[in-house]
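Please take a moment to look over the sequence and the model that follow, and then read on as the text goes from one part to the next.

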Amino acid sequence: MISNSLGDRMFRIGNAIALGLITLITAFPIYYVVVVSFTAPIEYIRKPLVLFPEEWSLASYRYLLSTSAFPKALGVSLFLATVGTACSLIVTSALAYALSRRRIYGRRTFQLLILFTILFSPGIIPHYILIRELHLINSLWSVILSSLTSGWYVILMRGFYDSLPEELDEAAAIDGCNDMTAFFRIVLPLSLPALAAFGLFFAVGYWNQFFNALLYLNDPDKWPIQVLLQNMLIDASGSSLGDVDPLIQPPPSETLKMAAVVIAIAPIIVVYPFLQKHFAKGAMVGSIKG
Amino acid sequence: MIREGKRGKRSSSLLLAVVLLLAALLSACGGGSNSISGGSQQGNAPNASSNSQQGSPSADEPPTEIRIMVHFFGATPPASDNAVKLKIEEATNTKLDIQWVSANNYKEKFNVTLASGDIPDLILVTDPFDPVFRRAAEQGAFWDVSPYIDEYSYMKETIAPIAWDMTKINGKNYGLPRPRPSEGEAFFIVRKDWLDNLGLSVPETAEQLYEVMKAFTTQDPDKNSKDDTIGLAGQVDGSSMSTLAEFERIFYQAYGNWKLQDGQLVHVVTLPETREALVMLAQAYAEGLIPLDFASMKLSQVKDMFKAGQAGIIVEKSGALQEYYDALKKIDPNFDMKNLLPLTSVNGYNPKGPGFSGVIAIPKSVSEDKLKKILAALDRWSQDDLFLMHSQGIEGIHHTVQDGKIVIDTEKVTADGLGEFNQILYVADPYASTVKRTFPEDVQELYASIQDERAKTSVANVGTGLYSETGATFMQEFNKTVQDLKTKIILGVEPIEAWDAFVASLDSNESFKKTTAEMNEAYKNR
């Protein structure tokens with residue numbers, strides 16, 4: 001029962017005000033980015049702060065989408081997000097499912113090894129040498145394989161699969177399924193909420209890939225959107241006047257940078273609301289046993 | 001488990017097929033990159049077996065495959081099928097596999113590449129005094145190019161002797177210096193129209209400069225009846241005075257952290273002139289002559305301030321003034337570029353550049369034969385017809401010839417990123433820092449003559465290339481401590497006595513004394 005005493009009402013009002021303020025502070029930078037991206041460049045230079053542009057203009061967007069680099073980078077990021085997520089989901093769920101079945105041989109050892117990978121990581125240079133030895137330098141698979149799965153997600157998913165009773169496997173076996181068929185035909189369809197939640201995690205992770213792409217992808221055609229954004233946004237010539245190479249061209253204008261940011265975050269923002277209901281359910285998935 | 005024979009066979013064969021498919025996919029992707037990473041090895045074999053080479057590459061030999069790694073500054077690098085690149089490959093009989101890395105991330109990529117041992121044939125070293133590169137060169141990872149360079153006259157001519165001298169490590173040159181103009185370093189640029197409006201003359205001493213800054217702030221120099229102007233646009237960052245550094249330097253007339261006094265190097269922090277500069281800057285801040293948030297502004301904000309006509313003085317290279325002029329012209333279509341006046345010198349000082357920006361190193365994994373071929377190709381590239389394409393491109397695509405004059409399509413040139421090729425090879429135009437061909441004729445003449453005047457009194461950074469073991473670790477923290485104190489003094493949070501106390505404490509700072517001693521030694525041995 002929700003009590004309506006004065007104290008409660010005061011608390012609710014105070015709460016609303018405080019949260020409203022925090023929301024404003026958090027949302028303002030995003031609002032600013034979107035507004036500046038639609039401002040005409042001339043107006044932006046003149047005014048110190050643009051809260052609402054007098055001149056709406058799509059000039060920045062038109063310029064960005066006309067270059068070949070931007071749409072190509074978007075395409076690469078899309079490829080990473082879709083193919084990468086699919087690969088990650090298959091690998092993670094298969095591993096988690098296998099680990100959840102008590103009949104597997106060496107279950108304890110595998111779990112220990114996976115825990116080990118969460119605690120320790122080799123660092124940049126050994127990883128680079130590994131990718132080079134596998135001849136995957138300059139291949140998109142180096143980026144996909146580097147972030148294919150994570151010990152955390154495996155353990156979380158395993159928690160979910162623990163709630164699927166072993167009797168299900170036995171029933172499947174009686175009907176003539178082997179492990180593979182049981183996994184694909186019966187277990188996967190049952191785990192859709194978990195798959196949706198982790199799928200979103202993976203997709204956002206792939207979409208935000210930056211450092212691995214930077215290190216392993218040499219061909220500018222293969223750069224994902226985040227690498228391209230960083231090239232545009234961070235003005236290398238701006239660090240200190242003394243070290244500057246006299247031959248540099250001027251950096252892109254603020255409105256162009258803002259438009260680039262909006263294009264880069266738009267897909268995720270658009271997709272997220274649709275997956276939100278799965279996300280909320282799936283995030284709780286590994287926590288309740290039985 | 002109970003397995004039905006037929007079903008089991010089908011799904012396990014499906015599994016086998018999937019695994020085989022994945023393996024094929026992976027190796028296919030790997031195969032493509034394999035040829036690129038193995039390129040340098042493949043390129044060596046045919047070259048080693050061919051006879052001794054002369055200066056120019058002959059057309060009947062297979063093209064030399066050269067792998068290059070350099071940085072770029074634009075949003076995107078030139079495409080691999082860039083028209084200019086193809087022309088260069090044709091003329092030099094090479095196949096260039098250029099790996100462009102964004103300048104933001106070049107340091108990391110460079111370190112990783114060096115560590116992995118898979119070094120491209122030509123690699124840009126942005127800081128030839130970086131301890132990592134230094135150690136690698138001393139251990140023999142890179143060729144000493146000085147014995148070979150004499151045969152390649154074109155290239156030799158384009159690199160000034162000062163660039164060779166400044167980049168020596170233990171008397172050897174472990175890479176080709178990238179020549180840059182030595183005159184025309186960033187210095188004060190003053191709004192001449194504002195000076196005229198207020199009846200002021202061009203400042204030549206620090207006191208006069210201060211007076212000008214004050215007038216710009218208080219006397220409405222742009223005559224718009226609004227109090228919206230300040231004197232000097234500048235900022236500092238965490239470890240250096242950044243754009244406000246020149247204001248400090250005019251006091252002790254040295255460029256960089258070290259000054260030569262009576263044959264000895266002293267760190268500028270210990271000089272009494274630094275104290276004077278700080279006092280004046282603190283006063284300037286108190287009177288509002290420099291931006292209120294100079295301590296947190298970014299360089300782009302400083303530039304925007306000047307571009308919007310809110311500041312009267314900025315520290316910049318006159319060659320970079322095109323963007324400022326374009327912005328100011330949007331506000332006032334009648335703006336004359338000559339109103340952006342570079343100062344010649346203040347207190348008889350103006351900075352002189354090092355004459356180079358990094359070196360291009362060639363690793364020992366390249367055979368001596370291939371080394372000569374690469375140098376020959378670069379030599380051919382230095383010749384006018386190829387090098388000029390970096391700025392004007394190809395006739396018909398990037399520029400047209402009208403009445404004997406070349407009209408450049410600057411948008412296409414920028415879109416194709418032609419300027420980025422300058423990162424690999426550059427024929428230093430002595431006026432490149434001060435004059436651009438896109439400026440109006442009279443402005444070009446003005447800036448060139450100012451540069452000539454400046455050359456008479458310019459002061460170089462005496463500490464370039466000097467290495468101090470202690471300094472390499474000590475100086476980083478030291479610079480941050482110094483800058484922190486300076487910023488507080490300018491803001492008025494700390495009194496100038498705090499500076500005196502700090503300088504006094506350096507007498508007992510062992511690392512500081514050791515660094516000074518080591519720098520002096522390096523100087524003597526240079």
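How are helix 5 of chain A and helix 8 of chain A oriented to each other? The model shown here is a predicted one, and the answer begins with two computed values. The axes of helix 5 (residues 107–119) of chain A and helix 8 (residues 151–162) of chain A come within 8 Å, and they cross at roughly 140°. An angle over 145 degrees would count as roughly antiparallel, and one of 65 to 115 degrees as roughly perpendicular; helix 5 of chain A and helix 8 of chain A are therefore oblique to each other. In the contact itself, Ile114(A), Leu115(A), Thr117(A) and Ile118(A) of helix 5 of chain A meet Gly151(A), Trp152(A) and Val154(A) of helix 8 of chain A.

From here the text turns to chain B. This chain has 21 helices and 15 strands, and 42% of its 526 residues count as buried. If one takes the contacts in chain B between residues at least 6 apart in sequence, 77% of them join residues at least 24 apart.

Chain B is divided into two parts, each made of two stretches of sequence: domain 1 covers 49–182 + 355–423, while domain 2 covers 187–352 + 437–525. The C-alpha centres of domain 1 of chain B and domain 2 of chain B lie 33 Å apart, and the contact takes six residues from domain 1 of chain B and six residues from domain 2 of chain B. On the side of domain 1 of chain B that touches domain 2 of chain B, three residues are nonpolar, three are polar and none is charged.

One sheet of chain B can be followed strand by strand. Four strands form this open sheet in the order 6-9-5-10, with mixed pairing. At its edges are strand 6 (230–232) and strand 10 (340–342) of chain B, each of which pairs on one side only. Neighbouring strands of the sheet are turned by 25° against each other on average, direction ignored. Helix 9 (residues 206–218) of chain B packs on the sheet, where it touches strand 6 and strand 9 (311–316) of chain B, and the direction of helix 9 makes about 155° with that of strand 6 of chain B. Elsewhere in the sheet, strand 5 (residues 187–191) of chain B pairs with strand 10 of chain B in the antiparallel sense over three bridges, and Arg191(B) stands opposite Leu340(B) in strand 10 of chain B.

Note on methods:
Residues are numbered from 1 along each chain as its sequence is written. Chains are lettered from A and ligands numbered from 1 in the order in which they are written. This is a predicted model: local features need pLDDT of at least 70, side-chain atom pairs count only at pLDDT 80 or more; totals for chains, interfaces and linings use all residues. Two strands pair if DSSP finds at least two bridges between them. Helices (H or I, at least four residues) and strands (E, at least two) are DSSP runs, numbered from the N terminus. Axes are lines fitted to C-alpha atoms, for helices over the stretch in contact, and angles run from 0 to 180 degrees between N-to-C directions. Two residues are in contact if their C-beta atoms, placed from the backbone, lie within 7 Å. Angles under 35 degrees count as roughly parallel, over 145 as roughly antiparallel, 65 to 115 as roughly perpendicular and the rest as oblique. Domain bounds come from an automatic or database domain assignment. Ala, Val, Leu, Ile, Met, Phe, Trp, Tyr, Cys and Pro count as nonpolar, Asp, Glu, Lys and Arg as charged, and the others, Gly among them, as polar. A residue is buried if 20 or more other C-beta atoms lie within 10 Å of its own, exposed if 12 or fewer, and partly exposed in between; C-beta atoms are placed from the backbone.
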